[in-house]
Amino acid sequence: MYPFSAGLYAPRNRWYVAARSAEVGRVALERFILDEPVVFYRTEAGEAVALAGRCPHRGYPLGRGRIDGDAVVCGYHGLRFEVDGHCSHIPSQDVIPPNCRVKAFQVAEHWEWLWIWPGDPALADLALIPDHRTLGLTDPDWIKRSPLYWQVEGRYQLLNDNLLDLTHLSVLHADTIGGGDVAGTQERHEEGDGWVRSLRWIPNAHVTDWVRESRGIEGQVDREIMLTFAAPGFHFGHDRYFPVGSDPATATPLLDIRIFHAVTPATQTTCHYFASSAVDPATFELSATHPPDTASASASALKIFTEDVDAISEIERLLGAAGTFEEVRLRADVHALRGRRMVQEMIRAEQLSPAAAKVPDGH
Ligand SMILES: [Fe+2]
């Protein structure tokens with residue numbers, strides 16, 4: 001489906017962010033992941049659990065169930081499912097049919113994110129989760145924002161496309177982070193195994209009122225924007241502001257922001273969006289009138305993300321009306337198209353390997 005070729009949706013044998021850690025607790029949480037309902041909760045010991053979210057008896061959502069000990073109990077006829085997905089109790093009979101079970105997903109908790117492997121649990125490889133230490137997300141010296149979350153009324157690749165084409169900063173975010181001629185600046189593209197990177201160096205960039213007010217940066221700056229897409233749904237990078245005339249290899253930034261986005265397919269036409277950032281306090285505390293992580297800075301960040309979420313839902317609205325869409329491609333699309341192709345290649349590789357692409361149990 002657009003923007004992919006017909007029949008291509010999302011790779012299953014990959015890690016995706018499913019929830020913020022704080023969202024998962026001793027109350028069942030339902031969230032669609034790659035078109036499947038999943039129920040999330042924590043055991044008494046605090047371990048996160050993800051089970052297929054549909055009772056195999058009558059299809060009632062386990063997300064409406066009750067957490068009892070380490071199990072989830074269906075709220076319709078009381079079937080009880082343990083952390084490995086097996087049914088341990090049926091109120092109306094003693095014998096448990098062997099097919100009365102739900103899939104248990106592999107999950108992993110890193111920083112404040114709960115990751116899920118929607119595909120074959122036997123193939124889940126923790127080494128495929130981007131190393132949060134290397135990314136600087138767990139750096140204790142940096143000021144981090146707890147991740148924000150949106151359920152977006154648009155297919156996930158629209159959001160990936162958005163993050164793969166930062167020329168939109170100059171237009172959609174003209175009032176906030178669009179300072180400097182981002183769209184007119186030559187993009188450098190790099191790529192490796194499973195990732196693509198966009199780099200821009202913008203000399204003599206104009207600073208928007210938003211940056212001046214929320215970040216305490218004055219006048220013209222040299223600006224460096226980097227965003228790396230680790231397919232199929234994680235983006236990380238930085239936005240750095242330097243004194244005009246700086247050598248980016250050696251200069252100390254006036255402001256250094258690390259940026260993190262996670263995009264996860266929910267249904268065919270909706271997705272989950274998690275976003276966070278981390279700021280080097282040495283640069284963020286430049287202005288005594290702009291202490292780090294103030295309510296106003298958070299509200300401003302919210303405005304930027306909401307602009308993207310609104311744009312994606314508007315595109316989806318028209319896609320829904322038209323069915324499909326033939327896009328015109330521009331020079332600026334080279335990077336985004338490479339990222340898209342990478343996701344498509346992951347999906348196709350699974351289709352060529354039936355064992356790796358097998359559909360979850362019970363569906
Ligand atoms: Fe954006």
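The centres of domain 1 and domain 2 sit 33 Å apart, taken over C-alpha atoms. Domain 1 covers 16-123 and domain 2 covers 132-351. Those bounds come from an automatic or database domain assignment.

A word on the source. This is a predicted model, where local features need pLDDT of at least 70, side-chain atom pairs count only at pLDDT 80 or more, and totals for chains, interfaces and linings use all residues. Residues are numbered from 1 along each chain as its sequence is written.

How far can we trust it? pLDDT is the predictor's confidence in each residue, from 0 to 100. The protein chain averages 90, and 92% of the residues score at least 70. Watch residues 358-363, where pLDDT stays under 50. The model has 10 contacts beyond four places in sequence for that stretch. Contact here means that the C-beta atoms of two residues, placed from the backbone, lie within 7 Å.

How many residues of domain 1 are in contact with domain 2? 12 residues of domain 1 are in contact with 14 residues of domain 2. On the domain 1 side, β1 (16-20) and β2 (29-33) are the elements that give two or more residues. The largest share, four residues, comes from β1. By class, that side has eight nonpolar, one polar and three charged residues. For the classes, Ala, Val, Leu, Ile, Met, Phe, Trp, Tyr, Cys and Pro count as nonpolar, Asp, Glu, Lys and Arg as charged, and the others, Gly among them, as polar. Strands are DSSP runs of E, at least two residues, and helices are runs of H or I, at least four, numbered from the N terminus. The chain comes to six helices and 18 strands.

Now the core. The largest nonpolar core has 81 residues. Domain 1 and domain 2 both give residues to this core, so it lies between them. A nonpolar core is a set of buried Ala, Val, Leu, Ile, Met, Phe, Trp, Tyr and Cys residues joined through C-beta atoms within 7 Å. Buried means 20 or more other C-beta atoms within 10 Å of the residue's own; 12 or fewer is exposed, in between is partly exposed, and C-beta atoms are placed from the backbone. Ala18, Phe40, Ala50 and Ile116 have the most contacts inside the core. Take Ala18.

Burial next. Of the 363 residues, 40% count as buried. Why is helix α2 (residues 156-164) called largely enclosed by the rest of the structure? Because nine of its nine residues are buried. Among them are Tyr156, Asn160 and Asp161.

Overall dimensions. The C-alpha atoms fill a box of roughly 75 × 45 × 35 Å, along the principal axes. Residues 24 or more positions apart account for 59% of the contacts with a separation of 6 or more.

Last, some backbone details. The peptide bond from Ala231 to Pro232 is cis, with omega near 10°. Pro232 lies in the loop between β15 (221-230) and β16 (234-242). Asp35 has phi near 75°, positive in a residue other than glycine. Asp35 lies in the loop between β2 and β3 (36-42). Is Asp35 exposed or partly exposed? Asp35 has 15 C-beta neighbours inside 10 Å, so it counts as partly exposed. Asn204, in strand β14 (residues 195-205), also has a positive phi, about 55°. With 12 C-beta neighbours inside 10 Å, Asn204 counts as exposed.
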